[in-house]
Amino acid sequence: MAKIVLKDLWKVYGGEVEAVKGINLTIEDGEFFCFLGPSGCGKTSTMRMIAGIEEISAGQIYIDDVVVNKLPPAKRDIAMAFETYALYPPLTVWENLAFPMQVRGMPRDQIEKEVQRVARLLDLTDVLDRKPAHLSGGQQQRVSLGRAIARPAKAYLFDEPLSHVDSKARLRMRGEIKRLQETLKTTCIYVTHDQLEALALGDRIMVMNFGEIQQVGTPEEIYNQPRNLFVADFIGEPPFNFFDGVILADGEHLSFKSEEAGFSVPLPDHVREKVAHKTGQPVKLGIRPMFISPSLTETPDSHIRGSVYVFEDLGENGVLTAEVDGNLVRVMTDPYFAGKLDDPVWLTLNTDMVHIFDPESGLNLLFAR
Amino acid sequence: MGEVVFKNVWKRYGHVEAVKDLSFVAREGECLVILGPSGAGKTSTLKMIAGVEDITAGEVYIDGKLANYLTPRERNTAMVFESYALYPHLSVYDNLAFPLRSPTYRLPEDQIRERVTRVAGMLGMGSLLDRAPAQLSQGQKQRVGLGRALVREPSVFLFDEPLSHVDAKIRHRMRMEIKHIQQTIRTTTIYVTHDYMEAMSLGDQVIVINEGVLQQMGPPREVFDHPASLFVADLIGDPPMNFLDVDLVAQNGDLWFRTLDGACELPVPAEFKPKLQQGDKKRFRIGFRPMFVSHYLSQPEQSHIQGTVYVFERFETGGVLTVAAGQNRILASTEPNLKVQIDQPVWLSLDVDRIRVFDPESGLAVK
Amino acid sequence: MNPAESYRTGIPWGKILSLILLVIYLAFALIPILWMVGMSLKNPLDVMAIPPKVIFEPTLENYARLFLGTQYSQREVARTDFPRALLNTFIIAGGATLLSVIAGTLTAYALARLRFSGREDIAFIILTFRFAPELTIILPLYVVYRTLHLYNTYIGLILIYQMISLPLLVWVIRGYFEAIPYDSEQAALVDGYSWWGAFRKICLPLAAPGIAATSVIAFIFCWNNFTFGLLLGARETQTLTVATSGFISYEQVLWGQMAAASVVTIIPVLIFAFLVQRWLVRGLTFGAVKG
């Protein structure tokens, strides 16, 4: 277990492409930390620099308060599971799992114990004597994971380990990874582009885009208090709904008015103090689908009127997409909603859960300092 | 117009039987989803309707006519391929116009232009019309494949896993758009997928297939609430259904399910009691969805299962608690912000009426 | 993963060395050709001069003899009808290539797309035609040709030249067809085209760069062939390669004219090679860009 600190870390490819732009981050000892972002955002480059398989263009990386920039990967005492598995083709599964420990000269019976433990954990006991070429994709990925976690290390790094695993196996393995980490309490860094995975597994998450940190926080913070438009839009499925409009003042009370969609929403007190300075200026209002209630009849407190574009009954819940003046608004409901195509529908927003964003900077005014 | 009927259809590739004795009716204007894991014979089924694969045995009717010996162009179907199957040497505009320029259609160029621009606008591709397929992203390619099917007015739309290679965010968006288009145009649609959410969302009827054999057919709600077999029950639902192997025991004048290790006892739902009482089977597999499992962190008066916390994963609108009870792992849906420790004791209660009963040997549901 | 950049300082020794080697090789490859061109412009005395003359007075006499047919030496024995040979070679090599393109493209499609037992065996057998040394079959072939009255006919030579061009075309174009996603052809069928329409509109345009490049190479191989032309043809169907060898007679070698004949033989091929170069690169890299 180890504390990992990144200080002003840069990665530049070919003198031109800035993949990672001066990020500062502290990962606490024993944390399950997720790097989350779309492809090309710099999360994999960052992790590879921590592992030592990518050169650092500028800045420092500390593992347990020791600068490791010049240390080769083997000396940093970390283990890594690759997205592309990177198994050793001529070795059997058993030998693949045992390899990192054999290289470090661990005693034979301890290696055997660890290999069996990992094999049981990842359901590989039946294939221990096979070679990678005779394994399915999912099995290969489990061997890759197993090889990383078989030996004790300061930190485990996982590079999108579940991306090629079929969905049933993925659910199970996600749970196993989380439980493993909670039991061992080893520092883990997990790279993924799947926000569902990050929210499920991480103690804390770093959201990246274009080489820069967008937000760092617990899953709850990222979900309920997104710092900017990118984070708000990226996290959550169905995604945030956004409306363009202005802040209007009526004495003490502030409200948000959208010209296009033709509705107006009173803003609660805790929002008021943060956005009062924006009165009269254009802003974006954001609200999550789960905080909108639909109704097929007009109610006194409904805010928006639209028509049913599509309703999807997904089994455990339902998703209503309503058309409001040419824009689509997504609402989460129970699966028994009875609306049909083009039926009129009235939407009520839970005003306590709205967010107001500055359209130019993209920042969430509720949390800006 | 546009009804598709399969009667005892078989498809063999050499010795491999990809489709076995498949029969179904896709009614006019309906969206029929064929759901199954990869390699289940779904793509073969679709290609047999389109006419690009031969039918080994059985009959296929399109629009009431026997289609077995019709060439693809005579069947008037439009297909969206999993690999998009775009024409790499043609621009997006020409890809969309291609079917309309074929000998079967032969539309004049101004009509072609009108249709292509309309469909491109509908799919948000107006600015991409003169690009080559190699310059497009996955999502854009998928829309071109879709557009190429929409410019025509076929009797049947055939979709072959069109969303499987697209990012999750775009996938949900496109699923919603496809549903809207299908409900507006109301052309008979046959949609093949391995993603059960697409089946739930898009299908008026769902057919579940495994290894070429029909498992269940019905409206999505019914397949979700009353799966006909263990295979169907496990395939549909996220988080997946919990399964326990149990013995039927009579105790205190009532029927109970007892797990094999004796650790838990669950009441038998009323609807099954008469049937189970009469039969002589004792061993069953029961299934119940995580959404029907309630959890308690301190011992309640009554509970069905006692265990310890194995792991908790939060999702945005809820969480999934995995509970270890003996050798079993049981999933329960919870609120998102549950705070628990590993190995902490926890008690579970089931909504008994939602328990489903299956015969462990045949895999079929007990009605 | 890009490795971190390294900066080069100082003299690029690697580059200088490769440049020197390249120059040496070019000299090795080009000097004989340049010498031959020079030889074609020399009069007979200059041709035989020792030490060899690098500076001389050029003359077009050799080319004149070639095309106008008069002999330079009174004791000339061999006669060649050079303009006729030029025409013959165009007809035979061109005809053979055309036939190979048509037959080869269709064969390649069948081998790429259709499934039938013995498919790989047939493909391999076609390839082996190219391996067989021509001289091993030439005797029985001569007998057959004589019997069928194919000896010394254009058709006869075009047919036997298939052994040179057909295997090449079939194998390369098969690869191009295999690279075209089958789904796209099926999509064309569903979109309303017959098989032939789909072939014409989808397969041919996508394979066209490959077909063009390969057919030019096949043409060049046919153009260069010596054995078949020598043994299965006679004066009326004499090809350039055979005609050029006719300048070696019992008593003397007409170096100047032979050199001129060689230059004339090379020129069409050179022109084609320059044309092909652009197509070749496109054709070879097509496989990397899939729609």
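What percentage of the 369 residues in chain A is made up of buried residues? The share is 46%, where buried stands for 20 or more other C-beta atoms within 10 Å of a residue's own, exposed for 12 or fewer, and partly exposed for values in between, with C-beta atoms placed from the backbone. Please keep in mind that this is a predicted model, in which local features need pLDDT of at least 70 and side-chain atom pairs count only at pLDDT 80 or more, while totals for chains, interfaces and linings use all residues. Residues are numbered from 1 along each chain as its sequence is written, and chains are lettered from A and ligands numbered from 1 in the order in which they are written.

**Chain A and its domains**

Chain A holds nine helices and 20 strands; these are DSSP runs, H or I of at least four residues for helices and E of at least two for strands, numbered from the N terminus. Its C-alpha trace spans about 75 × 45 × 35 Å along the principal axes. Of the contacts in chain A with a separation of 6 or more, 64% join residues 24 or more positions apart; a contact here is a pair of residues whose C-beta atoms, placed from the backbone, lie within 7 Å.

In chain C, nine residues of domain 1 are in contact with seven residues of domain 2. On the domain 1 side, helices H1 (13-40), H2 (44-48) and H3 (61-68) of chain C each supply at least two residues. H1(C) gives the most, with four residues.

**Where chain A meets chain B**

Between these chains, 31 residues of chain A are in contact with 28 residues of chain B. On the chain A side, helices H5 (167-184), H6 (195-201) and H7 (219-224) and strand E16 (304-313) each contribute at least two residues. H5(A) has the largest share, eight residues. By class, that side of chain A divides into 15 nonpolar, five polar and eleven charged residues. Nonpolar covers Ala, Val, Leu, Ile, Met, Phe, Trp, Tyr, Cys and Pro, charged covers Asp, Glu, Lys and Arg, and the others, Gly among them, count as polar.

B:Val5 has B:Val25 in E2(B) as its bridge partner. Two residues lie between the strands of this hairpin, and B:Gly14 in the turn has a positive phi of about 65°.

Further along, helix H5 (residues 138-150) of chain B has 13 residues and reaches 18 Å from its first C-alpha to its last, close to the 18 Å expected; the expected span is 1.5 Å times one less than the number of residues. Ten of the 13 residues of H5(B) are buried, among them B:Arg143, B:Leu146 and B:Gly147. Their cover includes strands E6 (77-80) and E7 (156-160) and helices H3 (92-97), H4 (109-122) and H6 (168-185) of chain B.

B:Leu123, in the loop between H4 and H5 of chain B, touches B:Arg143, B:Leu146 and B:Gly147, not counting residues up to four places away in sequence. B:Leu123 counts as partly exposed because it has 19 C-beta neighbours inside 10 Å. Its C-alpha atom is separated by 9.4 Å from that of B:Gln140, 17 residues apart along the chain.

Notes: Two strands pair if DSSP finds at least two bridges between them. Two residues are in contact if their C-beta atoms, placed from the backbone, lie within 7 Å.
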